[in-house]
Number of protein chains: 2
Amino acid sequence: MSQFFSPKEVALAIGVSESSLKRWVDKGLIPAEKTGGGHRRLQLDAVLRFIRDEGKGLANPEIIGLPAETGKIVPAEESAQAELLQAMSSGNEATAKRLILDLFISGMSVANICDLVIAPVFQRIGDLWRCGDLEVYQERRACELCGRVIHELRRAVGSGPVDGPLAIGGTLDGDPYTLATNMAEVVLRDAGWRATSLGHMLPFDTLRKAIENDHPHLMWISVTTIRDTERFIANFNVLFDTATSFGCAIIVGGQALTADIRQSLRYTTFCDNLRHMEAFARTIRPRDRVTTPITSPEVKF
Amino acid sequence: MSQFFSPKEVALAIGVSESSLKRWVDKGLIPAEKTGGGHRRLQLDAVLRFIRDEGKGLANPEIIGLPAETGKIVPAEESAQAELLQAMSSGNEATAKRLILDLFISGMSVANICDLVIAPVFQRIGDLWRCGDLEVYQERRACELCGRVIHELRRAVGSGPVDGPLAIGGTLDGDPYTLATNMAEVVLRDAGWRATSLGHMLPFDTLRKAIENDHPHLMWISVTTIRDTERFIANFNVLFDTATSFGCAIIVGGQALTADIRQSLRYTTFCDNLRHMEAFARTIRPRDRVTTPITSPEVKF
DNA sequence: TTTCGAATCGTTCAATTCGTGCATTCGGTC
DNA sequence: GACCGAATGCACGAATTGAACGATTCGAAA
């Protein structure tokens, strides 16, 4: 999974000299590891983060395994939406992935990519489907494609620091939509959390078990449908109490949580969108962009 | 209690060549013992300490594919199954992906990886869950993880030739399981098809539309549950007729298709597993796996 | 215990990367 | 324009890497 690249490869990909790249690594601008013999090894997500932070482009993206043409044009938000809509409704996987990667590389935050591009496009596809302008299979295909785009985004973000605080989450029983919870996971990873989505259709019981077993510092729950409101509220509040006793914050979001339902709910914070969630997550755990330079004078001989 | 590893295993785990690892051991960078005959034996904690000291990024023992239980990283089928089961039930994304990619790189066909490793493990996880040996959230997480592993496999396979014949497929209305159809897609891509999964919960109507619009040469349909058998058979046969008139073959598979149901069904071929499907797909469109090496353009002086 | 396939040994070799020095370019200041 | 510090790209010998190779050792079945 974690693929390593040599300084030469990355330099070629970015379009700079190998010397400069080595200097950047040594200055700590790009986190890297060293082999026993002192050769630098760079990971894809670290490289992408650097490109994003420094506003670099990609001269030869294919060298580090990215689709060609990635990172050469900076798409505007509206045109990105339009193109993504076109690509997703026609099932064009490669274009959809490249578009999202372009946005990511150009510096747009993951939360914004999700909130301002992916979500609206997905919304629009749902509308088109309901109007009959899109066949069912086109909508389903777009849904599938959306999952893949998010997967690609997760690759670009990386798995987060191994020592980061743990966050888990998912959707509740009866709620089959995984896109929101997957997006939440990626946003949290981008914010420095060790986030893992548990998937969909999770009973309250098992979420309690998850808290007891894994001791997360954060749990996110996406709620798009509620069957029995009273039982939902009761179960939810029990879950919140369990979480509190384990020092775990609860983030909720989703269309089903109307204002009056929220009235009776206990939770740490409610988020209307992923930017809110990111802001909250960073408040607890701001990601340190400072990376320690490689200063490892090797043992000679 | 102390677990020993061979240089080959450790090298594979941390992503360097066996030669380098042996040199490091000989230089004293990693403490190791030798057998009477001179074979190196590395202890887990020594390896971990080395990783923590030298390459600061891989401090997590799980990340490097060294679960403390088994000593075999070489993808023997059984040990791969056992390790994957361990990784998936504990939610270890990195190890799961690495295991599958190792199998792929070692030359195992995608169909075999799916049939002989992923599917049995997934089956086993379902059993463990039903027995109560696994929490619901662990099963759901494993399910989610399984999807990601297949994503990674699809990346490794590539998108297939742009001029390949088109194949589309998915699961029918009322059938929420996407794993099988996603695996089918990857197998077909590996076999040279331009395959696209339309996802799950597809009504018969829209599949007809898809055939009429996109003119695929192949459609696969995964059936794990059937509600109304009679309507199913009727609808299916209509779909098959449509497909036939457009020159599109229909592949079916899935537990729900018992022998007596198949009796009344019309289709091009029925597959018990993905190897069967691959064999059929290659009969129509044979293709050798082309491994494209990463060729970096030479620097001119 | 003996046997035998698989794994590991130690070594060599071409290719790559290391660290360093140096000339050049860039942007700001006098 | 002249100056300067910082960053960049290139060149060099020394060191590292990964992939070969035949010889040796391991471990389990006979």
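The legends below describe close-up views of a predicted model. In this predicted model, local features need pLDDT of at least 70 and side-chain atom pairs count only at pLDDT 80 or more, while totals for chains, interfaces and linings use all residues. Residues are numbered from 1 along each chain as its sequence is written, and chains are lettered from A and ligands numbered from 1 in the order in which they are written.

**View 1. The side of chain B that touches chain A.** Here 43 residues of chain B are in contact with 38 residues of chain A, where contact means that the C-beta atoms of two residues, placed from the backbone, lie within 7 Å. Helix 2 (18-27), helix 5 (93-105), helix 7 (136-157), strand 5 (194-197) and helix 9 (204-214) of chain B each supply at least two residues of this side, and helix 7 of chain B gives the largest share, nine residues. Helices (H or I, at least four residues) and strands (E, at least two) are DSSP runs, numbered from the N terminus.

**View 2. The surface near DNA strand C.** Of the 17 residues around DNA strand C, those that come nearest are A:Ser6, A:Lys8, B:Ser6, B:Lys8 and B:Arg40; a residue is near a strand if its C-beta atom, placed from the backbone, lies within 6 Å of it. Helix 1 (7-14) and helix 2 (18-27) of chain A, along with helix 1 (7-14) and helix 2 of chain B, each supply at least two residues of this surface.

**View 3. The loop that holds A:Glu69.** A:Glu69 is found between helix 3 (44-54) and helix 4 (77-89) of chain A. The C-alpha atoms of A:Glu69 and A:His217, 148 residues apart along the chain, are separated by 40 Å.
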